[in-house]
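Hi there,

Here is the structure I promised to pass on. Please have a look at it first, and then read my notes below.

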Amino acid sequence: MPGVSIDMLQKYDVSGPRYTSYPTADRFVEAFTEDAYKLALEQRRVAGAALPLSIYVHIPFCESLCFFCACNKIVTKHHERSAEYLRYLNREIDLHMEHLGTAKGTKKSSANTISQLHLGGGTPTFFSDDELSELMNMLKHNFIFAPNGEYSIEVDPRTVNEQRLKHLAELGFNRLSFGVQDFDPEVQKAVHRIQPAEQVFSLVEAARRLQFKSINVDLIYGLPMQTPESFTRTLKQIVELRPNRIALYGYAHLPERFKPQRRISEYELPAAQDKITMLSNALKAFIEAGYVYVGMDHFALPDDDLAIAKRQGRLHRNFQGYSTQPDCDLISLGVSAIGRVGATYSQNAKTIEEYYDYLNQGRFPVVRGLALSRDDLIRRAVIMAIMCQGALQYESIELAYVIDFKTYFAKELELLKEQQAIGMLELDDSGLQVTDTGWFFVRAVAMLFDKYLQTDRNRARFSKII
């Protein structure tokens with residue numbers, strides 16, 4: 001793995017934002033209410049809404065608890081709860097249609113074309129086939145699905161078979177994401193998620209027969225009972241499986257914030273040095289197997305749309321991570337869901353009771369968010385250019401925001417010189433270019449432009465930057 005040493009991985013084994021947004025969600029405030037969200041929706045409608053929408057639907061239910069999980073979820077075996085949740089999702093969609101200018105029953109507007117849909121959780125496949133059909137019918141009744149869109153769903157391998165995957169394909173999903181985490185039986189037992197490798201291999205084969213356009217696999221390093229040797233075995237199996245995309249995350253043990261993690265014994269967690277070794281081994285294994293390092297935690301085969309978008313400089317980033325779709329507004333539905341409309345971010349109520357209560361009152365369940373300042377918008381443009389293209393032309397920011405870049409970011413440019421000295425990036429009078437080595441640590445470059453981090457040293461709430 002040229003250019004990335006163990007020493008570099010150790011140096012940047014620090015916490016930092018993932019920049020699925022800027023400012024990050026921890027900056028949201030309760031002063032941003034549903035009235036502010038309504039205004040953002042109406043401004044989109046009045047402005048003509050030339051760009052397609054992205055939609056995220058959060059389905060919080062899980063049948064069993066994974067001890068490592070930090071997601072907003074409800075663990076239950078009572079599947080009747082999902083029918084009630086669907087009714088409330090329908091109410092939330094209706095509210096959006098009223099403020100986007102296409103009330104229920106009226107002709108769909110081309111302004112409400114969607115190019116990206118993602119179902120996350122929780123476990124979206126907790127829903128039955130009929131319930132997934134009902135959800136997709138709701139969305140298709142109100143939105144136009146672009147022909148070449150990206151329509152994905154997160155899949156717990158324990159909840160599906162080939163027939164269920166066929167149903168997902170018939171509904172229009174063209175991308176799947178399987179939660180694997182680790183194939184080692186001892187690790188699976190330690191995190192309370194037993195799923196044999198054979199089961200995952202069988203499902204991936206079925207997904208290929210059904211011609212899903214892309215198959216992603218999620219992995220986590222740093223879990224209890226993991227060792228560099230055991231994780232290397234998992235890496236070999238993943239290379240053999242050869243999914244189109246791989247998402248590799250480092251486990252962050254924060255039991256004070258996430259109650260399920262209290263079931264994990266700290267004595268069973270791998271040492272920090274072992275985590276670094278696992279990461280180094282994973283980077284080496286995937287790159288040698290022909291995967292492109294897209295950025296952050298993501299790898300893709302060279303012919304996958306994500307790798308192509310990276311080569312062509314077309315990557316974008318939203319609350320679901322890297323995207324091949326144009327930068328656009330994100331409508332988020334469901335409990336705790338986070339969205340972006342215009343120059344605003346918003347988040348729904350985090351408990352299902354509060355979420356239902358807002359909708360029973362005929363109100364959007366928005367409980368916090370942020371209206372971006374001019375400085376936020378400037379810095380967002382800079383950070384997203386670095387995170388997505390690994391490059392920045394000063395002139396593009398100067399023309400868009402009428403600033404002198406070198407004056408506005410004088411302090412940041414001085415700090416960048418330190419990163420240039422160690423080979424992270426190249427600077428000249430016109431802009432910056434992240435090097436091949438620096439791309440593995442791109443968050444560290446972006447963080448220099450984060451105004452909030454400049455005065456905030458409490459970074460423990462963030463994940464590690466590599």
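Two strands pair if DSSP finds at least two bridges between them. Please keep in mind that this is a predicted model.

Strand β14 (residues 338-341) runs antiparallel to β15, and 4 bridges join them.

How many residues of strand β15 (residues 344-348) are buried? The count is 5 of the 5, so β15 is largely enclosed by the rest of the structure. In a regular strand, side chains alternate between the two faces of the sheet. In β15 both faces are covered: T344, S346 and N348 are buried on one side, and Y345 and Q347 on the other.

Now to the helices. The axes of α4 (residues 129-142) and α5 (residues 162-171) come within 10 Å and cross at roughly 10 degrees. Angles under 35 degrees count as roughly parallel, and α4 and α5 are therefore roughly parallel to each other. On the α4 side, D129, L132, S133, M136 and K140 meet R164, H167, L168 and L171 of α5. Sorted by class, this contact has 4 nonpolar, 2 polar and 3 charged residues.

Enjoy exploring it!

Best wishes

Technical notes: Residues are numbered from 1 along each chain as its sequence is written. This is a predicted model: local features need pLDDT of at least 70, side-chain atom pairs count only at pLDDT 80 or more; totals for chains, interfaces and linings use all residues. Side-chain values use heavy atoms; hydrogens and water are left out. Axes are lines fitted to C-alpha atoms, for helices over the stretch in contact, and angles run from 0 to 180 degrees between N-to-C directions. Helices (H or I, at least four residues) and strands (E, at least two) are DSSP runs, numbered from the N terminus. Angles under 35 degrees count as roughly parallel, over 145 as roughly antiparallel, 65 to 115 as roughly perpendicular and the rest as oblique. Contact means heavy atoms within 4.5 Å. Ala, Val, Leu, Ile, Met, Phe, Trp, Tyr, Cys and Pro count as nonpolar, Asp, Glu, Lys and Arg as charged, and the others, Gly among them, as polar. Buried means under 20% relative accessible area, exposed over 50%, partly exposed in between (1.4 Å probe, protein chains only).
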